[in-house]
Amino acid sequence: MDFQLLAYIIVFAVLVSRITSLWLIRFSRQTMGKLPPGPPRWPIVGNLLQLGSLPHRDLASFCEQYGPLVYLRLGKVDAITTNDPNIIREILCQQDDVFASRPQTLAAIHLAYDCGDVALAPFGPRWKWMRRICMEQLLTTKRLESFTKQRASEAQHLVQDVWALTQAGDPVNLREVLGAFSMNNVTRMLLGKQYFGSGSAGPKEALEFMNITHELFWLLGLIYLGDYLPFWRWIDPYGCEKKMREVEKRVDDFHMKIIEEHRQRKVNGDQKDDGNMDFVDVLLSLPGKDGKDHMDDNEIKALVQDMIAAATDTSAVTNEWAMAEVIKHPRVLHKIQEELDGVVGHDRMVTESDLSNLNYLRCVVRETFRMHPAGPFLIPHESIHATEINGYHIPAKTRVFINTHGLGRNKLIWDDINVFRPERHLTTDGSRVEISHGDDFKILPFSAGKRKCPGAPLGLTFVLMALARLFHCFDWSPPDGLTCEDIDTQERYGMTMPKAQPLIAIAKPRLASHMYQS
Ligand code: HEM
């Protein structure tokens, strides 16, 4: 047989098998039920080419065009998206058991210890065990109360840092000061260390820590084509997987160093008593899974990394958005300050016990979450087995993009979607404004159901405290040469969605100067 004939036979066989398998998939889907409507798709890539740099906006426009539940094919992956409160409730609550898993992306494999953490782990006994440790050992009311003093001292550092800039006549880079506030709060609680400011772990370690976390966030948020098109991994033209492996190694070295330092402290007898143990101390003292004496190092590292990633960026990004919207709307700033002056006055600083009495500020945070949710797609979920929603067939292993950005700007449930108007959230009877989702599912900052954020109360404390202090202590205006309207609200997509450009503003102290120096 000559080679040309052999080549024809191989090509013919490949074509026949490909057509047969496509036909079988289509046939089995037809017998199972209709997929939700969605945009037409290309062979092989499906709808991947229809996604731009702001995919949450693309998916929201599909929902406007095709209805509240949209089906997409992303390369080899089935996906659905929605911006509708009833469908979101169905997915996260009514069908919680079906949709409580996560896709195993390459970033999660490389950067979350083979999906061995909480946030990116598939549903199963291991995830349940890790999540229980978070809830019952790390994020208990008692444990969080034991860090109240540290949080108060970080709030004071924040005020002092901004005050120092005002004294030097410098504008404030709010991304920097808010990032340092969140990071210090989290690392003091987790690692017993402060990375920014005087008395911190030092500039070299702080810089290393910040660089690693930024790279980690960036890689985790990336829609990496290798997850959807297997052949992309062979070429990896932008070297993403190589980068993932590099960051994996650096992150691991960093966590290993922290664990070793804690072990050494324990050997030297320097560990603090039970009431004040940091999270790494707690994790080192816990028994492991299946009767083991201790947790594995990788389990500890995965949990610590999750906490850092989940807690810092979410609160810092939310705070920067809230500051941008308020500086853009001086009327709102004035109302926040009126409330603060009434509840707190000018002779003391805001404390955590004030936060539940600041109803207008709570509306500001709720409105910020409506327009700029920290996680525009939550963390994508995945169906464990095939199911139905609204009579449509949803295959097993479908990736679920719950579009919280689209939900907050859904014209069917909100008026004036692009107007920042905190008053819309005031309750008619003057009762406390809840920031997490209510029964109506009209906003969803911390998600709902089995995978909902276990750190919501702490996250809200970080957000409300930073904002209350900054608005109580300072007046805010745009930098010289800009008007309030000039403050931009461009977004940059990622696992969390920050402002595209850092927010720079001018602060002016509004309390007596001795208040800033204590
Ligand atoms: C303003 C602050 C915060 C916001 C907006 C936020 C939001 C979220 C969102 C949207 C999710 C995904 C839920 C889902 O996929 O259904 C999540 C998950 C998670 N968050 Fe938060 N979060 C915040 C603060 C925190 C804090 C302070 C911690 C812990 C110290 C934390 C720990 C976690 C963990 C461990 C998960 C994964 C849960 C799981 O998959 O089972 N978060 N968060």
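View A. Helices (H or I, at least four residues) and strands (E, at least two) are DSSP runs, numbered from the N terminus. This is a predicted model, in which local features need pLDDT of at least 70 and side-chain atom pairs count only at pLDDT 80 or more, while totals for chains, interfaces and linings use all residues. Residues are numbered from 1 along each chain as its sequence is written.

Among the buried residues of α16 are Arg362, Arg366 and Arg370, along with Glu367. The cover over the buried residues of α16 includes α14, α15, α17 and α18.

**View B. The shell around the ligand.** The ligand is surrounded by 26 residues, and the closest are Ala311, Ser447, Cys453, Gly455 and Gly459. A residue counts as near if its C-beta atom, placed from the backbone, lies within 6 Å of the molecule or strand. By type, the shell splits into 15 nonpolar, seven polar and four charged residues. Ala, Val, Leu, Ile, Met, Phe, Trp, Tyr, Cys and Pro count as nonpolar, Asp, Glu, Lys and Arg as charged, and the others, Gly among them, as polar.

**View C. Where α15 crosses α18.** Helix α15 (residues 330–343) packs on α18 at about 95°, with the axes 9 Å apart. That makes the two roughly perpendicular, a label for angles of 65 to 115 degrees. Axes are lines fitted to C-alpha atoms, for helices over the stretch in contact, and angles run from 0 to 180 degrees between N-to-C directions. From α15, Leu333, Ile336, Gln337 and Leu340 meet Ala468, Phe471 and His472 of α18. Five of the residues in this contact are nonpolar, two are polar and none is charged.

**View D. Asn298 in α14.** Asn298 sits in helix α14 and is partly exposed, with 14 other C-beta atoms within 10 Å. Leaving aside neighbours within four places in sequence, Asn298 is in contact with Tyr113 and Gly116; contact means C-beta atoms, placed from the backbone, within 7 Å.

Terms used: A residue is buried if 20 or more other C-beta atoms lie within 10 Å of its own, exposed if 12 or fewer, and partly exposed in between; C-beta atoms are placed from the backbone. Two residues are in contact if their C-beta atoms, placed from the backbone, lie within 7 Å. Angles under 35 degrees count as roughly parallel, over 145 as roughly antiparallel, 65 to 115 as roughly perpendicular and the rest as oblique.
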